[in-house]
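Hello,

Here is the structure I promised to pass along.

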Amino acid sequence: MVKDTATNTYVQAGVAMTLSGSAFAEASANETAITAAVDAGKSMVSLTTSGVIGIAALGFGLGMVVSWLRK
């Protein structure tokens with residue numbers, strides 16, 4: 001079964017077309033897309049980190065104010 005599949009000309013043509021599409025793609029377009037994705041990821045991490053720190057500071061500050069008012 002595997003030998004018949006490997007010798008099938010349609011399968012070989014499909015594999016060749018699939019592999020050659022990536023090989024002949026323009027490198028600068030791929031690099032640009034990857035760079036844009038990395039930059040977007042970095043900005044998302046920065047935004048998320050700032051949000052988490054802000055919420056933690058707000059919660060800590062409100063807790064301190066409530067604690068001081070109870071005294």
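A quick word on terms before anything else: helices here are DSSP runs of H or I with at least four residues, and strands are runs of E with at least two, numbered from the N terminus. Counted that way, the protein chain has three helices and zero strands, so the pattern along the sequence reads α-α-α.

Please keep in mind that this is a predicted model. The mean pLDDT of the protein chain is 81, and 68% of the residues reach at least 70. Where pLDDT is low, the coordinates should not be read in detail.

Next, the surface. Buried residues account for 0% of the 71 residues in the protein chain.

Helix α3 covers residues 27-70, and Leu69 lies in it. Is Leu69 buried or exposed? Leu69 is exposed, because its relative accessible area is 70% and the cut-off for exposed is over 50%. Together with Val65 and Trp68, Leu69 makes a nonpolar surface patch of about 370 Å².

Finally, an unreviewed UniProt entry lists residues 51-69 as a "transmembrane region". In the model this span is 100% helix and 0% strand, with its end C-alpha atoms 27 Å apart.

Best wishes

Conventions
Residues numbered from 1 in each chain as written. Predicted model: local features only at pLDDT ≥ 70, side-chain atom pairs only at ≥ 80, totals over all residues. Heavy atoms only, no water. Patch = residues over 30% accessible without salt bridge, like charges linked within 9 Å, V, L, I, M, F, W, Y side chains within 5 Å. Areas by Shrake-Rupley, 256 points an atom, 1.4 Å probe, with all protein chains shown as cover. Salt bridge = Lys/Arg side-chain N within 4 Å of Asp/Glu carboxyl O. Buried < 20%, exposed > 50% of the residue type's maximum accessible area, 1.4 Å probe, protein only. UniProt positions renumbered as here; feature names shortened; annotations may be inferred. pLDDT = per-residue confidence, 0-100.
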